[in-house]
Amino acid sequence: MTEIDAKIDALVPAWLTLPDIADMLGVEVTRVRQLVKEGQLIAVRRGENRALHVPAAFIDGDKVVKGLSGTLTLLRDDGFTDEEMLEWLFTPDDSLPGTPAQALSENRGTEVKRRAQALAV
């Protein structure tokens, strides 16, 4: 759980608070905190009250976007910080097209993971 900088805040189009995500997933807030702790979601402090927020693109209806957890693990294994992962996930990639986060939400996780693995080379 890190502090967000203006560049990344501008890249991410929408954010959700942990209670919002808990409502969407039908779980307690403590479970959402556990998902963050386990590295299945990235949460950052932002806004006036510095509440924890997660990019809205990471949630698809009542579940975490398919392929997100594995992608985050790959990036973390490559040595990425939470900020670097957010920047990579929300920076447009002409070869996808769109952003890796957008590709994940469109069920194109294999392409995203392939690019994440190539970063380690």
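## Helix packing and the nonpolar core

Leaving aside residues up to four places away in sequence, Leu89 touches Phe58, Thr71, Leu72, Leu75, Thr99, Pro100, Ala101 and Leu104, where contact means heavy atoms within 4.5 Å. The model is predicted, and local features need pLDDT of at least 70, while side-chain atom pairs count only at pLDDT 80 or more. Residues are numbered from 1 along each chain, and side-chain values use heavy atoms, without hydrogens and water.

**The core**
- Leu89 is, with Leu41, Phe58 and Leu86, among the residues that touch the most other members of the largest nonpolar core, which has 34 residues.
- Such a core is a set of buried (under 20% relative accessible area, 1.4 Å probe, protein chains only) Ala, Val, Leu, Ile, Met, Phe, Trp, Tyr and Cys residues joined through side-chain atoms within 4.5 Å.
- Helix α5 gives the most to this core, with five residues.

**Helix α4**
- The buried residues of α4 (residues 68-77) are Leu68, Thr71, Leu72 and Leu75.
- They cover an arc of only 100 degrees around the axis, and therefore lie on the same side of α4.
- Their cover includes β6 (63-64), α5 (82-90), α6 (100-105) and α7 (109-119).
- Gly79, which follows α4, has a positive phi, near 95 degrees.

**Helices α2 and α3**
- The axes of α2 (residues 18-25) and α3 (residues 29-37) come within 8 Å and cross at roughly 105 degrees.
- The two helices are therefore roughly perpendicular (65 to 115 degrees).
- Leu18, Pro19, Ile21, Ala22 and Leu25 of α2 meet Val29, Val32, Arg33 and Leu35 of α3 in this contact.

Notes: Axes fitted to C-alpha atoms, helices over the stretch in contact; angles between N-to-C directions. Helix = DSSP H or I, 4+ residues; strand = E, 2+ residues; numbered from the N terminus. Parallel < 35°, antiparallel > 145°, perpendicular 65-115°, else oblique. Buried < 20%, exposed > 50% of the residue type's maximum accessible area, 1.4 Å probe, protein only. Arc of directions from axis to C-beta.
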